[in-house]
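Me: I'd like to learn how to read helix packing. Could you walk me through it?

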Amino acid sequence: MSVPTDSKVTFGHRFAQELPEMAVSWQAEQAPEPRLLALNEPLAAELGFDPGFLRSPEGLALLVGATVPGGATPVAQAYSGHQFGSFNPRLGDGRALLLGEITDTEGRLRDLHLKGSGRTPFARGGDGLAAVGPMLREYIVSEAMQALGIPTTRSLAVVATGREVRRETMLPGAVLARVASSHLRVGSFQYAAATGNQDLLKRLADQAISRHYPDAAAAERPYLALFESVVSAQATLVAQWMLAGFIHGVMNTDNMTISGETIDYGPCAFMDVFDYATVYSSIDRGGRYAYANQPLIAEWNLARLAETLLPLIDEDQERGVTTAVAALEAFRPQYSGAWLTGMKAKLGLADDVDDEVASPLANDVLTLLQENHVDYTSFFRGLSSAVRGDARPARDKVLDVAAFDAWAARWLALDPDADAMDRVNPVYIPRNHLVEEALDAATAGDLEPLERLVDVVTRPFEERPGLERYAAGAPEDFGKYTTYCGT
Ligand code: AMP
Ligand code: MG
């Protein structure tokens, strides 16, 4: 069933209708004084919303969940999850609601979801709220990821609620309107499996196939094909994170999608100086979700997904395990293949350059960056100049110039394409010091730095005069950066 809103967008309720055991009808808390902080007009248009409507009082009411589009029933979704390795059977949307699914202007089904909309039955000890800073952070980083070509949930809007949120200090509250191709997670499958209701598990898997991997429906073994598809999507996704220097920060199984979109931008950050061991999250004391661990963790999470699917993969459990293990073994070669393809592109190498040559070249340059504490993004962007005859932009960042020169001689001998490099190596990423600056200003009421930063990072490959400070590494006095989860 679909219901029209004032802006002629209609909402479906496929999740709630097909999976009622995993959906709790719920209402958002009232927002005393809604004020629009950010609106993604191109995304609004893709969804069929009139941006003028979304800016109106009725539009803001929809974006904070205060009014529900006629007849729609927002739901909090149930899911489980392994958090830092330990299983929690009942997580779910503690502070979020799924308003419903929208068919966008290209006919794709997309979830509209609110985060920070008040306590739900899954809130446990939480207040159900979100502060302006973290919601704008998700907005900036997810839109930067999209512009970098990395699969991600999207941010439609951030609306300040006019309600204060108690954290270490009192902070202004906000609701983020998030758009995703779905909110089905590894944790959703863990929830369905833990209920022991095989019919529910099957309906969930069927919805995942129908929404994300319709080809799997025609496969000889559809549920095995579903698993193989998720393995591939996650292998490519995490390879893209690694190539961009992105650290998710909290890769719990409830924060890993079935679609292969990046989700839940909490303590995430882009790396400045290259270091395999980088961790930003204040709660990740053991470094479980460190930069270099991300592929291993993705594989671990996929093993948890496989466990949930076993009864659908084969009625004989032992045979099912053998089949699932074999399917999971595809992760490593797929990840490595995607990573090396991406590294060859970053280095401007033609497809026919042998992997046996490209792979050590790529690993050696990363070792050089690690040993010399070099800024990852600006080094790769600067490298194309070396092809054009001026090595300084990259070379000047490396203390051990002899090592750089020796590496560059090997690389230049392969005849890299400088223009191709500039199309894949970004000039601008949401650097931590710039994000913090924009969030501090927005929290204090000044939206200008935020708007400028969003403009810069959503056109990441195009060098523009006057934006030099956005391309530079973190200032020396920025120090060790720490991010906070669930804030
Ligand atoms: P996250 O680390 O953001 O993925 O959240 C993990 C779990 O904690 C999810 O079930 C969230 O809904 C819940 N959660 C996070 N923050 C809050 C909050 N302020 N109030 C209620 N639940 C929350
Ligand atoms: Mg989460």
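Reply: Contact means heavy atoms within 4.5 Å, and helices (H or I, at least four residues) are DSSP runs numbered from the N terminus, as are strands (E, at least two). This is a predicted model, where local features need pLDDT of at least 70, side-chain atom pairs count only at pLDDT 80 or more, and totals for chains, interfaces and linings use all residues. Side-chain values use heavy atoms, leaving out hydrogens and water, residues are numbered from 1 along each chain as its sequence is written, and chains are lettered from A and ligands numbered from 1 in the order written.

Me: Which residues of H6 meet H7?

Reply: On the H6 side they are Ser 188, Phe 189, Ala 192, Ala 193 and Thr 195, which meet Leu 200, Leu 201, Leu 204, Ala 205 and Ala 208 in H7. Sorted by class (Ala, Val, Leu, Ile, Met, Phe, Trp, Tyr, Cys and Pro nonpolar; Asp, Glu, Lys and Arg charged; the others, Gly among them, polar), this contact has 8 nonpolar, 2 polar and no charged residues.

Me: At what angle do H6 and H7 pack?

Reply: Axes are lines fitted to C-alpha atoms, for helices over the stretch in contact, and angles run from 0 to 180 degrees between N-to-C directions. H6 (residues 186-195) and H7 (residues 198-212) pack at about 155°, with axes 8 Å apart. That makes H6 roughly antiparallel to H7 (under 35 degrees is roughly parallel, over 145 roughly antiparallel, 65 to 115 roughly perpendicular, the rest oblique).

Me: How do H5 and H17 pack?

Reply: H5 (residues 132-147) and H17 (residues 432-443) pack at about 135°, with axes 9 Å apart, so H5 is oblique to H17.
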